[in-house]
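Here is a short report on one protein chain. Look over the fold before reading on.

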Amino acid sequence: NVLKALENLKNANITKLEDLQNLDTQTLALLIKPSGFYNTKAKYIKNFTQKFFNDYESLNEFKTQVDREWLLKIKGLGNESVDGILNYVCKREILVVDNYSAKITQYLGYELDNYESLNEFLRQDIATNQDDLNQLLQKQYELFELYQIFHAMIVSFCKEHFQGKKLSDDGQRILKPLLI
């Protein structure tokens, strides 16, 4: 659904933050409707773009200067969204964790009670084993890229193998060696 919303924005020639800033909230809401909660999200996006242009001269400045605290102060941005911006947009060494990450770790028998502990648990082995992972992947990736790959693999696995809380037989076979 997010991809449909992004396609709607692209088809409307909304490709830059300046375009979002100049778009009225109602029109934005209609364009992002496939993503769900579109009226609320449109307000949050407009709020973000206003704060962006108040505090930053360019996207490059934003990428190098923005910090987690600035982002978390923006209504509508939580830990997952902030980490997504910092990792995917700013190329920071931050792992995005989400409901899929929690689902898979719970299935494996790990009880992690908050976002930070889940993030630290998943992040630590990737950073420690960066060289081995690059060798396995047969390419030299920076740590922020390995975090992107890992997050994408978790999302892909869960979308393919979980039906609600139930894990498919194939998913169980894949995860069996990892069970604690």
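A residue is called buried when its relative accessible area is under 20%. Cys-158 has a relative accessibility of 1%, so Cys-158 counts as buried. Cys-90 reaches 9%, which is also under 20%, so Cys-90 is buried too. The model behind these values is predicted.

| Residue | Relative accessible area | Class |
|---|---|---|
| Cys-90 | 9% | buried |
| Cys-158 | 1% | buried |

Disulfides are absent: the structure holds zero.

Now the fold. The chain has 12 helices and two strands. What pattern does the chain follow along the sequence? Reading along the sequence gives α-α-α-α-α-α-α-α-α-α-α-β-β-α.

Next, the overall dimensions. The C-alpha trace spans about 50 × 35 × 35 Å along its principal axes. The chain has 180 residues, and 33% of them are buried. Cys-90 and Cys-158 are among the buried ones.

Contacts come next. Take the contacts with a separation of 6 or more: 44% of them join residues 24 or more positions apart.

Last, surface and charge. The accessible surface of the chain comes to about 11,600 Å². Carbon and sulfur atoms account for 51% of that surface. The chain carries 22 positive and 25 negative charges. How far apart are the mean positions of the positive and negative charges? They lie 8 Å apart.

Key:
Residues numbered from 1 in each chain as written. Predicted model: local features only at pLDDT ≥ 70, side-chain atom pairs only at ≥ 80, totals over all residues. Heavy atoms only, no water. Helix = DSSP H or I, 4+ residues; strand = E, 2+ residues; numbered from the N terminus. Buried < 20%, exposed > 50% of the residue type's maximum accessible area, 1.4 Å probe, protein only. Contact = heavy atoms within 4.5 Å. Areas by Shrake-Rupley, 256 points an atom, 1.4 Å probe, with all protein chains shown as cover. Lys, Arg positive; Asp, Glu negative; His and termini not counted. Charge placed at Lys NZ, Arg CZ, Asp CG, Glu CD. Disulfide = S-S within 2.5 Å.
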